[in-house]
Amino acid sequence: MTAERLLLFSAARQLFALNLQEVCEVMEPQQCYPFAGAPPHYQGLINFHGNLTALVDLAGYLRLQGRPVPGKILVIDTRLAHLALKVEAVGSILDASSITGASSHEDPLTEALLETPQGSVRLLRLEALLNGLEEELQECAPNNAKPGGS
């Protein structure tokens, strides 16, 4: 079920985790460039080692009340997507052996609710997150930019 190691982070005062192998870098906030027509939680594009990468405010996407803090940027493995998530803070790396319990969660973006020494943590299902973001962008695209649009 869970990866061997998870990266813990927070958004909107809630603890989340991603499989450590799904994250390629944690960065300080940097200048981003807005792109027109995107939903408001798309903060823009950042330059990640020469590649344009979409920056999404995770709390905004999850419709959680976030705090206006500089935060951190989690860059998703570029083999999976050109996506970065703005989060409040990055905590630590959690070894799966320290998870004391796990239960299912009704949210399709949550693979499991984990009990850890740090508290309850929502393990995000990255594939569902990526699919949701892509569908949302396609809905916002002008008709001539949609597949089959005219």
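Residues are counted from 1 along each chain as its sequence is written. This is a predicted model, with pLDDT of at least 70 needed for local features and 80 or more for side-chain atom pairs, while totals for chains, interfaces and linings use all residues, and side-chain values use heavy atoms, with no hydrogens or water.

So, Leu20. You'll find Leu20 in the loop between β2 and β3 (23–27). Skipping neighbours within four places in sequence, Leu20 is in contact (heavy atoms within 4.5 Å) with Arg5, Leu6, Leu7 and Ile93.

Now the inside. A nonpolar core here is a set of buried Ala, Val, Leu, Ile, Met, Phe, Trp, Tyr and Cys residues joined through side-chain atoms within 4.5 Å, and buried means under 20% relative accessible area, with a 1.4 Å probe and protein chains only. The largest one has 28 residues, and Leu18 and Leu129 are among those with the most contacts inside it. Which element gives the most to this core? That's α2, with four residues. Apart from this core there's another, of ten residues, including Ala17 and Leu94.

Last stop, Glu136, in helix α2 (residues 126–140). Glu136 is buried, yet has no salt bridge, meaning a side-chain nitrogen of Lys or Arg within 4 Å of a carboxyl oxygen of Asp or Glu. Arg63 is the nearest side chain of opposite charge, 4.6 Å away; Lys and Arg count as positive, Asp and Glu as negative, and His and the chain ends aren't counted.

Note on methods
Helix = DSSP H or I, 4+ residues; strand = E, 2+ residues; numbered from the N terminus. Buried < 20%, exposed > 50% of the residue type's maximum accessible area, 1.4 Å probe, protein only.
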